[in-house]
Amino acid sequence: YRDDDDINDVASMAGVNLNEESARIMATNSDLVGTQIQSCKDEPFLAAIPLHKRILETAKKLGITDVPAEVVTFISHATQNRLRTVIEKVTVITQHRMESYKDDEWYEQATDVRSQLKFFEQLERLEKQRKDEQEREILLKAAKSRSRQEDPEQARLKQKAKEMQQQELAQMRQRDANLTALAAIGPRKKRKLDSPGLLTIGGEGLAVSGGGQAGVGTPSSRQYARQKITRVNLRDFIFYMEQERETSRSLLLYRALLK
């Protein structure tokens, strides 16, 4: 029969000898016994001397004459943490703005503003072309008229028709000259680097094969990984400041909106 202490001793019930395990651990980590471990040097994010001077100037207004160095370090770390938080949030906003849902199967296009603008631009172009044709016909009729008593308006129309004919003639001559020059130069030959199978990276030709391997025209074969760049603009910062409680009604936001 076992006592209550033996029954509650889980280590002994599992067949584990704590003394042997402690001796084995001490033997394994014997090189670490007696070793003093120190933390890394605390590097401030901001320059300590200008920051301390700025804090003292603000503290003197409140009647504080002495500010210890620990306060400067704490404010420096707080600034670093705050800046990291702002950059992370603005980066997420920029990534959401740059996302495209055109190829997503769960989304369908409801409106296409770009196509609508192109349609309206085409309508305006056709309307302008129709008005130009009407004005041209009026000018041509005025130029062909041979009335003996001409009013000043008729003379102005004839002069304008004459200028229009001279302008059209100059455009035709310029077009013929351009076609003649292109015919003399001959067809444009594509350069070797302009072919679809080549890329230019760092001044070297990078040939991309169908198998997905890249061979560089140098003795050492290297692969270049294109780094994705996230560009944050002022609109992303404005959106961030509008969402934050601390900056949603700040003067900085109003100044940013005025830019």
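**View 1. Asp-132 and Lys-128 pair within helix 6.** Being 4 residues apart in helix 6, Asp-132 and Lys-128 are separated by about one helical turn. Helices here are DSSP runs of H or I with at least four residues, strands are runs of E with at least two, and both are numbered from the N terminus. An α-helix has 3.6 residues a turn, so residues three or four places apart point the same way. The two side chains meet in a salt bridge, 3.3 Å from N to O. A salt bridge needs a side-chain nitrogen of Lys or Arg within 4 Å of a carboxyl oxygen of Asp or Glu. Lys-128 is exposed, at 53% relative accessible area. Asp-132 is partly exposed, at 36%. The cut-offs are under 20% for buried, over 50% for exposed and in between for partly exposed (1.4 Å probe, protein chains only). This is a predicted model, in which local features need pLDDT of at least 70, side-chain atom pairs count only at pLDDT 80 or more, and totals for chains, interfaces and linings use all residues. Residues are numbered from 1 along each chain as its sequence is written, and side-chain values use heavy atoms, with hydrogens and water left out.

**View 2. Arg-136 meets Glu-168 in a salt bridge.** The N to O distance is 2.9 Å. This pair links distant parts of the chain: Arg-136 sits in helix 6 and Glu-168 in helix 7 (residues 152-185), 32 residues apart. Arg-136 is partly exposed at 31% relative accessibility. Glu-168 is partly exposed at 27%.

**View 3. Arg-97 forms a salt bridge with Asp-236.** Their closest N and O atoms are 2.8 Å apart. Arg-97 belongs to helix 5 and Asp-236 to helix 8, 139 residues apart. Arg-97 is partly exposed, at 33% relative accessibility. Asp-236 is buried, at 2%. Leaving aside neighbours within four places in sequence, Asp-236 is in contact (heavy atoms within 4.5 Å) with residues including Val-90, Ile-93 and Thr-94. The structure holds 5 salt bridges.

**View 4. Eight residues form the largest nonpolar core.** They are Val-86, Val-90, Ile-93, Ile-238, Tyr-240, Met-241, Leu-253 and Ala-256. Helix 5 (69-98), helix 8 (234-243) and helix 9 (251-258) each give two or more residues to this core. Such a core is a set of buried Ala, Val, Leu, Ile, Met, Phe, Trp, Tyr and Cys residues joined through side-chain atoms within 4.5 Å. Not counting residues up to four places away in sequence, Met-241 touches Thr-247, Ser-248, Leu-252, Leu-253 and Ala-256.

**View 5. Helix 5 has 30 residues.** Helix 5 reaches 44 Å from its first C-alpha to its last, close to the 44 Å expected at 1.5 Å a residue. The expected span is 1.5 Å times one less than the number of residues. The buried residues of helix 5 are Val-72, Ser-76, Val-86, Val-90, Ile-93 and Thr-94. Their cover includes helix 4 (48-61) and helix 8. Phe-74 also lies in helix 5, but this residue is exposed at 62%. The C-alpha atoms of Phe-74 and Pro-44 are separated by 8.7 Å.

**View 6. Phe-119, Phe-120, Leu-123 and Leu-126 form a nonpolar surface patch.** Together they have about 400 Å² of accessible area. Phe-119 lies in helix 6 (residues 113-144) and is partly exposed at 47%. Patch residues have over 30% relative accessible area and no salt bridge; like charges are joined within 9 Å, nonpolar side chains (Val, Leu, Ile, Met, Phe, Trp, Tyr) within 5 Å. Areas come from the Shrake-Rupley method with a 1.4 Å probe; for residues, only the protein chains shown count as cover.
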